[in-house]
Amino acid sequence: MRVHVADHPLITHKLSVLRDKKTPSPVFRQLTEELVTLLAYEATRNVRVEEVEIETPVTRTLGLNIAHPRPLVVPILRAGLGMLEGMTKLLPTAEVGFLGMARNEVTFEPTTYAERLPDDLSDRQCFVLDPMLATGGSLGAAIDFLFRRGAQDVTAICILGAPEGVAAIEKQVGDRDVTLVLGALDERLNEKGYIVPGLGDAGDRLYGTV
Ligand code: PRP
Ligand code: URA
(Lines give C-alpha, C1' and ligand atoms only; values in the text may rest on other atoms or scores of the structure.)
(Ligands and ions follow the chains in the order given, each with its own letter.)
Protein backbone atom coordinates (compact mmCIF):
# COMPACT_ATOMS: atom_id res chain seq x y z
CA MET A 1 0.00 0.00 0.00
CA ARG A 2 1.23 3.49 -0.83
CA VAL A 3 0.55 6.35 1.59
CA HIS A 4 0.95 9.94 0.52
CA VAL A 5 0.62 12.68 3.14
CA ALA A 6 0.28 16.16 1.66
CA ASP A 7 3.08 18.58 2.35
CA HIS A 8 2.08 21.96 0.98
CA PRO A 9 1.53 25.26 2.80
CA LEU A 10 -1.76 25.94 0.99
CA ILE A 11 -3.15 22.61 2.19
CA THR A 12 -1.94 23.18 5.77
CA HIS A 13 -3.45 26.66 5.75
CA LYS A 14 -6.86 25.45 4.55
CA LEU A 15 -6.72 22.56 7.02
CA SER A 16 -6.02 24.95 9.90
CA VAL A 17 -9.18 26.93 9.13
CA LEU A 18 -11.14 23.69 8.71
CA ARG A 19 -10.03 22.41 12.12
CA ASP A 20 -11.10 25.62 13.91
CA LYS A 21 -14.35 24.92 15.76
CA LYS A 22 -15.55 28.46 14.99
CA THR A 23 -15.51 27.85 11.22
CA PRO A 24 -19.16 27.77 10.10
CA SER A 25 -20.66 25.11 7.77
CA PRO A 26 -20.66 27.17 4.54
CA VAL A 27 -16.93 27.94 4.91
CA PHE A 28 -16.26 24.34 5.98
CA ARG A 29 -17.97 23.05 2.84
CA GLN A 30 -16.08 25.44 0.57
CA LEU A 31 -12.71 24.55 2.13
CA THR A 32 -13.44 20.82 1.93
CA GLU A 33 -14.10 21.19 -1.77
CA GLU A 34 -10.89 23.16 -2.32
CA LEU A 35 -8.82 20.70 -0.30
CA VAL A 36 -10.14 17.75 -2.28
CA THR A 37 -9.24 19.41 -5.56
CA LEU A 38 -5.68 19.92 -4.31
CA LEU A 39 -5.44 16.34 -3.02
CA ALA A 40 -7.02 14.97 -6.20
CA TYR A 41 -4.07 16.32 -8.17
CA GLU A 42 -1.80 13.88 -6.31
CA ALA A 43 -4.39 11.09 -6.15
CA THR A 44 -4.82 11.01 -9.94
CA ARG A 45 -1.09 10.81 -10.64
CA ASN A 46 -1.51 7.20 -11.89
CA VAL A 47 -4.86 7.60 -13.61
CA ARG A 48 -4.93 5.51 -16.78
CA VAL A 49 -4.65 7.49 -20.01
CA GLU A 50 -4.60 6.67 -23.72
CA GLU A 51 -2.97 8.45 -26.63
CA VAL A 52 -5.14 10.59 -28.92
CA GLU A 53 -4.38 12.49 -32.06
CA ILE A 54 -5.25 16.16 -31.88
CA GLU A 55 -5.03 19.04 -34.28
CA THR A 56 -3.83 22.34 -32.88
CA PRO A 57 -4.28 25.53 -34.96
CA VAL A 58 -0.68 24.90 -36.06
CA THR A 59 -0.17 21.16 -36.54
CA ARG A 60 -1.26 17.61 -35.76
CA THR A 61 0.20 16.12 -32.58
CA LEU A 62 -0.39 13.47 -29.94
CA GLY A 63 -2.08 14.11 -26.61
CA LEU A 64 -3.55 12.04 -23.79
CA ASN A 65 -7.14 11.30 -22.80
CA ILE A 66 -8.48 9.60 -19.67
CA ALA A 67 -8.73 5.92 -20.72
CA HIS A 68 -11.81 3.68 -20.83
CA PRO A 69 -13.36 2.21 -18.77
CA ARG A 70 -13.73 5.56 -17.03
CA PRO A 71 -12.54 5.90 -13.41
CA LEU A 72 -15.20 5.48 -10.74
CA VAL A 73 -15.47 8.03 -7.93
CA VAL A 74 -17.17 6.72 -4.76
CA PRO A 75 -18.07 9.17 -2.01
CA ILE A 76 -18.94 7.48 1.30
CA LEU A 77 -22.14 9.06 2.56
CA ARG A 78 -22.77 11.23 4.36
CA ALA A 79 -19.55 13.21 4.86
CA GLY A 80 -17.88 12.00 1.64
CA LEU A 81 -20.57 13.77 -0.34
CA GLY A 82 -18.96 17.06 0.67
CA MET A 83 -15.88 15.99 -1.28
CA LEU A 84 -17.57 15.03 -4.55
CA GLU A 85 -17.71 18.44 -6.21
CA GLY A 86 -14.01 19.07 -5.54
CA MET A 87 -13.11 15.72 -7.14
CA THR A 88 -15.32 15.94 -10.22
CA LYS A 89 -13.95 19.40 -10.93
CA LEU A 90 -10.64 17.72 -11.70
CA LEU A 91 -12.08 14.49 -13.16
CA PRO A 92 -15.31 15.59 -14.86
CA THR A 93 -15.67 12.47 -17.03
CA ALA A 94 -15.51 10.02 -14.10
CA GLU A 95 -18.54 7.91 -13.26
CA VAL A 96 -19.89 8.33 -9.73
CA GLY A 97 -21.16 5.52 -7.47
CA PHE A 98 -22.35 5.81 -3.89
CA LEU A 99 -21.83 3.92 -0.65
CA GLY A 100 -23.76 4.91 2.46
CA MET A 101 -22.04 3.91 5.70
CA ALA A 102 -22.48 4.82 9.35
CA ARG A 103 -20.22 3.67 12.13
CA ASN A 104 -21.63 2.57 15.45
CA GLU A 105 -20.29 5.14 17.89
CA VAL A 106 -19.79 2.49 20.63
CA THR A 107 -18.32 -0.48 18.74
CA PHE A 108 -16.94 1.62 15.82
CA GLU A 109 -18.28 -1.11 13.47
CA PRO A 110 -19.58 0.33 10.18
CA THR A 111 -22.94 -0.64 8.67
CA THR A 112 -23.67 -0.17 5.00
CA TYR A 113 -27.12 1.37 4.53
CA ALA A 114 -26.94 2.28 0.84
CA GLU A 115 -25.12 1.04 -2.23
CA ARG A 116 -25.39 2.32 -5.77
CA LEU A 117 -22.41 1.03 -7.74
CA PRO A 118 -21.95 -0.75 -11.07
CA ASP A 119 -22.20 -4.56 -10.59
CA ASP A 120 -18.97 -5.21 -12.44
CA LEU A 121 -15.92 -3.11 -11.64
CA SER A 122 -13.43 -5.20 -13.63
CA ASP A 123 -10.54 -3.06 -14.88
CA ARG A 124 -11.94 0.01 -13.12
CA GLN A 125 -9.79 2.44 -11.20
CA CYS A 126 -11.73 3.55 -8.12
CA PHE A 127 -11.34 6.74 -6.08
CA VAL A 128 -12.98 6.61 -2.65
CA LEU A 129 -13.81 9.88 -0.90
CA ASP A 130 -14.15 9.98 2.88
CA PRO A 131 -12.91 12.95 4.90
CA MET A 132 -12.02 10.99 8.05
CA LEU A 133 -9.90 7.85 8.36
CA ALA A 134 -10.28 7.08 12.09
CA THR A 135 -10.31 3.35 13.06
CA GLY A 136 -10.38 2.47 9.35
CA GLY A 137 -13.56 0.40 9.70
CA SER A 138 -15.59 2.38 7.15
CA LEU A 139 -12.86 2.81 4.56
CA GLY A 140 -11.76 -0.82 4.99
CA ALA A 141 -15.30 -2.05 4.31
CA ALA A 142 -15.59 0.23 1.26
CA ILE A 143 -12.27 -0.98 -0.18
CA ASP A 144 -13.29 -4.63 0.34
CA PHE A 145 -16.59 -3.97 -1.37
CA LEU A 146 -14.89 -2.50 -4.46
CA PHE A 147 -12.33 -5.31 -4.79
CA ARG A 148 -15.09 -7.94 -4.43
CA ARG A 149 -16.76 -6.30 -7.44
CA GLY A 150 -13.50 -6.63 -9.40
CA ALA A 151 -11.88 -3.18 -9.05
CA GLN A 152 -8.37 -2.98 -10.49
CA ASP A 153 -7.02 -0.54 -7.94
CA VAL A 154 -8.39 1.76 -5.23
CA THR A 155 -7.15 5.20 -4.23
CA ALA A 156 -8.71 6.75 -1.13
CA ILE A 157 -8.65 10.49 -0.51
CA CYS A 158 -9.09 11.51 3.14
CA ILE A 159 -8.78 15.00 4.57
CA LEU A 160 -7.42 13.63 7.88
CA GLY A 161 -6.09 10.23 8.91
CA ALA A 162 -5.11 8.66 12.24
CA PRO A 163 -2.08 6.34 12.47
CA GLU A 164 -4.40 3.61 13.85
CA GLY A 165 -6.60 3.81 10.74
CA VAL A 166 -3.66 3.77 8.32
CA ALA A 167 -2.23 0.69 10.08
CA ALA A 168 -5.61 -1.09 9.98
CA ILE A 169 -6.02 -0.50 6.24
CA GLU A 170 -2.44 -1.57 5.56
CA LYS A 171 -3.02 -4.85 7.44
CA GLN A 172 -6.33 -5.47 5.71
CA VAL A 173 -5.39 -4.83 2.08
CA GLY A 174 -2.21 -6.98 1.98
CA ASP A 175 -0.70 -6.85 -1.51
CA ARG A 176 -3.76 -5.40 -3.25
CA ASP A 177 -3.19 -2.18 -5.17
CA VAL A 178 -4.27 0.54 -2.72
CA THR A 179 -3.12 4.14 -2.32
CA LEU A 180 -4.05 6.49 0.53
CA VAL A 181 -3.80 10.22 -0.04
CA LEU A 182 -4.16 12.22 3.18
CA GLY A 183 -4.34 15.96 3.79
CA ALA A 184 -2.63 15.33 7.14
CA LEU A 185 -1.70 12.41 9.37
CA ASP A 186 -2.82 13.36 12.87
CA GLU A 187 -1.54 12.16 16.27
CA ARG A 188 -3.97 9.48 17.45
CA LEU A 189 -7.55 8.49 18.21
CA ASN A 190 -9.21 9.37 21.51
CA GLU A 191 -11.34 6.97 23.59
CA LYS A 192 -14.41 7.94 21.52
CA GLY A 193 -12.66 7.00 18.28
CA TYR A 194 -12.26 10.64 17.24
CA ILE A 195 -9.14 11.87 15.48
CA VAL A 196 -6.88 14.07 17.67
CA PRO A 197 -6.41 16.98 17.08
CA GLY A 198 -8.84 16.36 14.19
CA LEU A 199 -11.75 18.58 13.29
CA GLY A 200 -14.65 16.91 15.12
CA ASP A 201 -17.53 15.18 13.36
CA ALA A 202 -17.04 15.90 9.66
CA GLY A 203 -20.66 15.11 8.72
CA ASP A 204 -22.06 17.41 11.40
CA ARG A 205 -19.68 20.20 10.49
CA LEU A 206 -20.54 19.91 6.78
CA TYR A 207 -24.27 19.63 7.18
CA GLY A 208 -25.02 20.86 10.72
CA THR A 209 -26.81 24.11 11.42
CA VAL A 210 -24.58 27.17 11.20
C1 PRP B 1 -17.48 9.20 9.78
C2 PRP B 1 -16.52 9.55 8.66
C3 PRP B 1 -16.05 8.19 8.20
C4 PRP B 1 -16.05 7.38 9.48
C5 PRP B 1 -14.64 7.27 9.96
O6 PRP B 1 -18.71 8.87 9.26
O7 PRP B 1 -17.10 10.33 7.65
O8 PRP B 1 -16.92 7.60 7.24
O9 PRP B 1 -16.84 8.11 10.44
O10 PRP B 1 -14.55 6.45 11.07
P11 PRP B 1 -13.88 5.02 11.03
O12 PRP B 1 -12.57 5.15 10.29
O13 PRP B 1 -13.69 4.70 12.49
O14 PRP B 1 -14.82 4.06 10.35
P15 PRP B 1 -19.99 8.54 10.16
O16 PRP B 1 -20.10 7.07 10.36
O17 PRP B 1 -19.97 9.39 11.38
O18 PRP B 1 -21.17 8.94 9.21
P19 PRP B 1 -21.55 10.35 8.52
O20 PRP B 1 -20.61 10.53 7.38
O21 PRP B 1 -22.96 10.13 8.11
O22 PRP B 1 -21.42 11.43 9.55
N1 URA C 1 -15.61 10.52 12.22
C2 URA C 1 -15.54 11.87 12.24
O3 URA C 1 -16.38 12.56 11.63
N4 URA C 1 -14.56 12.44 12.96
C5 URA C 1 -13.64 11.73 13.63
O6 URA C 1 -12.74 12.32 14.27
C7 URA C 1 -13.73 10.32 13.59
C8 URA C 1 -14.72 9.74 12.87
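Leucine 133 is buried, with 28 other C-beta atoms within 10 Å. Burial here requires 20 or more other C-beta atoms within 10 Å of a residue's own; 12 or fewer count as exposed, anything in between as partly exposed, and C-beta atoms are placed from the backbone. The model is predicted: local features need pLDDT of at least 70, side-chain atom pairs count only at pLDDT 80 or more, and totals for chains, interfaces and linings use all residues. Residues are numbered from 1 along each chain as its sequence is written, and chains are lettered from A and ligands numbered from 1 in the order in which they are written.

Leucine 133 belongs to strand β9 (residues 132–133). Strands (E, at least two residues) and helices (H or I, at least four) are DSSP runs, numbered from the N terminus. Beyond four places in sequence, Leu133 contacts Leu139, Cys158, Gly161, Ala162, Gly165 and Val166. A contact means C-beta atoms, placed from the backbone, within 7 Å.

An unreviewed UniProt entry places a "binding site" at several positions, including Arg78, Leu133 and Asp201. The same feature name in an unreviewed entry also covers Ile195, Gly200, Asp201 and Ala202. UniProt positions follow the numbering used here, feature names are shortened, and annotations may be inferred rather than shown by experiment.

Arginine 78 sits in the loop between β4 (72–77) and α3 (84–90). Arg78 is partly exposed, because 16 C-beta neighbours lie inside 10 Å. Outside four places in sequence, Arg78 touches Gly203 and Tyr207.

Around ligand 1 there are 22 residues, of which Arg78, Ala134, Thr135, Ser138 and Gly203 come nearest. Elements giving two or more residues to this shell are β6 (98–103), β9, α4 (137–148) and α6 (202–207). A residue is near a molecule if its C-beta atom, placed from the backbone, lies within 6 Å of it. The ligand 1 shell divides into 12 nonpolar, seven polar and three charged residues. Ala, Val, Leu, Ile, Met, Phe, Trp, Tyr, Cys and Pro count as nonpolar, Asp, Glu, Lys and Arg as charged, and the others, Gly among them, as polar.

Isoleucine 195 lies in strand β13 (residues 195–196). Ile195 is buried, with 28 other C-beta atoms within 10 Å. Aspartate 201 occupies the loop between β13 and α6. Asp201 counts as partly exposed, with 14 C-beta neighbours inside 10 Å.

Notes. Two residues are in contact if their C-beta atoms, placed from the backbone, lie within 7 Å.
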